[in-house]
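Hi,

Here is the structure I promised to pass on.

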Amino acid sequence: MAVPDDAGREMMEAQSSSGLVLSRKRRRESSTRDSEEGERLGKYPKCTVGLKNPAPFADELLPVDPKAYERVSMEEAKRGTRANRPVRVYADGIFDVFHSGHARALMQAKRLFPNTHLIVGVCSDDLTHKYKGFTVMNEDERYDAIRHCRYVDEVVRNAPWTLSPEFLIKHRIDFVAHDDIPYSSAGSDDVYKHIKDAGMFAPTQRTEGISTSDIITRIVRDYDVYVRRNLQRGYTAKELNVSFINEKKYHLQERVDKVKRKVRDVEEKSKEFVQKVEEKSIDLIQKWEEKSREFIGNFLQMFGPEGALKHMLKEGKGRMLQAISPRQSPNSSPTREERSPSPTFRLPFFTKTSPPPSPRPHHSGARGYLISEDDEDEDVDEDEDEEN
């Protein structure tokens, strides 16, 4: 099987990239709106892109023949090099108290060209203390911090303060990355001037608002706070280089702050409690007002001037009067004088007229009387007068 040459390999890579672009276009055209939103610019698929191992040290790698080293130009580097010939970019620094500003600078150096091998040089304690000042972290700690940055491919320990041609050839460096601000040190106005003159300088941008000096300034400014913090975490006054009197002062301040925090917590809890009571009281008052309105309405509906109880009493009174009083005669009925005399009827024992002619009995009988209804009424009246 024939091995493709460099031109064939580049053509295959171009075809594969064009096919990838076409397949992505087809997926975007056939996918729904939700999938299109998920594939917007700036979002990445869920995968692990970081390296598993730290970057190796340069002195631990196998030696390479420096004669085979040939620099690439800026145009060739930007256009892209072969996979087995990455552009070797060098970035150096102190990297004390490694922070996001350092990481961003190394990220920019890594992204300068499509195929970049990033070499990072870290200066030793001796050089740093001589030219810049005392560091918080020692050189081994700073080496190890740089090794575990994801953008770094190789670490140079005890890096030189000024880059010499021999150092550039030894590590086969194509370009040097650093911010474009002149770096005056070691008796020079700009230690990277000869690199810029040689066309090997690749500028990066500084991250504003974050630096090692800024972090140290924060610690020095709030010295008492951090001393009390470490005393609280178990560090001794001797380890912190704090005198006996200052130690007692810090402990007293810590107790006072605890009391203040407790008082503040109690105040906040009391405010929350009062607020809850107010909310509940407002709810109760509103419910009481609603119930009272409902009760008053029901009471007026029952006992008011036109309430149901009045109608019930009127209806009951009418029924009682109707049941007690007799029915009145109609207005058109004749009076007692106008009425026709009541029909007479005869009592079998008392009659005023003589009986019709009939054979009289041999014994004498009682006389009969003719009594009308009027006479009967008069007799009843007479009997009542006699009784009186």
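V89 has its bridge partner in β4, namely F175. That contact belongs to strand β1 (residues 87-93), which pairs with β4 in the parallel sense over 2 bridges; strands count as paired if DSSP finds at least two bridges between them. On to β5 (residues 201-204): this strand and β4 also pair in the parallel sense, over 4 bridges, and V176 has F201 as its bridge partner in β5.

Before I go further, some housekeeping. This is a predicted model, so local features need pLDDT of at least 70 and side-chain atom pairs count only at pLDDT 80 or more, while totals for chains, interfaces and linings use all residues. Residues are numbered from 1 along each chain as its sequence is written, and side-chain values use heavy atoms, with hydrogens and water left out. Helices (H or I, at least four residues) and strands (E, at least two) are DSSP runs, numbered from the N terminus.

Back to the sheet. It is an open one of 5 strands in the order β3-β2-β1-β4-β5, with parallel pairing. The edge strands are β3 (154-157) and β5, each of which pairs on one side only. From one strand to the next the twist averages 30°. (Axes here are lines fitted to C-alpha atoms, for helices over the stretch in contact, and angles run from 0 to 180 degrees between N-to-C directions.)

Strand β4 (residues 175-179) is largely enclosed by the rest of the structure, because 5 of its 5 residues are buried. Buried means under 20% relative accessible area, exposed means over 50%, and partly exposed is in between (1.4 Å probe, protein chains only). In a regular strand the side chains alternate between the two faces of the sheet. In β4, F175, A177 and D179 point one way and V176 and H178 the other way, and all are buried.

α4 lies across β1, β2, β4 and β5, and runs at about 145° to β2. α6 touches β2 and β3, and its direction makes about 165° with that of β2. Within α4 (residues 100-110), the buried residues are G101, H102, L106, M107 and A109. They pack against β1, β2 (116-122), α6 (139-147), β4, β5 and α9 (212-221), where contact means heavy atoms within 4.5 Å.

Further along there is a helix pair to look at. The axes of α10 (residues 223-232) and α11 (residues 244-303) come within 10 Å and cross at roughly 90°. That makes α10 roughly perpendicular to α11; angles of 65 to 115 degrees get that label, with under 35 called roughly parallel, over 145 roughly antiparallel and the rest oblique. On the α10 side, Y223, D224, V227, R228, L231 and Q232 meet Y250, Q253, E254 and D257 of α11.

Now some single residues. F95 lies in the loop between β1 and α4, and has a positive phi of about 60° although it is not a glycine. Most residues other than glycine have a negative phi. At 7% relative accessibility, F95 counts as buried. R172, in the loop between α7 (165-170) and β4, also has a positive phi, near 50°, but counts as partly exposed at 23% relative accessibility.

T128 is found in helix α5 (residues 125-131) and is buried, with a relative accessible area of 1%. Leaving aside neighbours within four places in sequence, T128 is in contact with I94, C123, G133, T135, R142 and W161.

G209 lies in the loop between β5 and α9 and counts as exposed, at 59% relative accessibility. Not counting residues up to four places away in sequence, G209 touches D214 and R218. G209 and G101 are 108 residues apart along the chain, and their C-alpha atoms are separated by 8.8 Å.

Last, the totals. The protein chain has 13 helices and 7 strands, and buried residues make up 23% of its 388 residues. Of the contacts with a separation of 6 or more, 67% come from residues 24 or more positions apart.

Cheers
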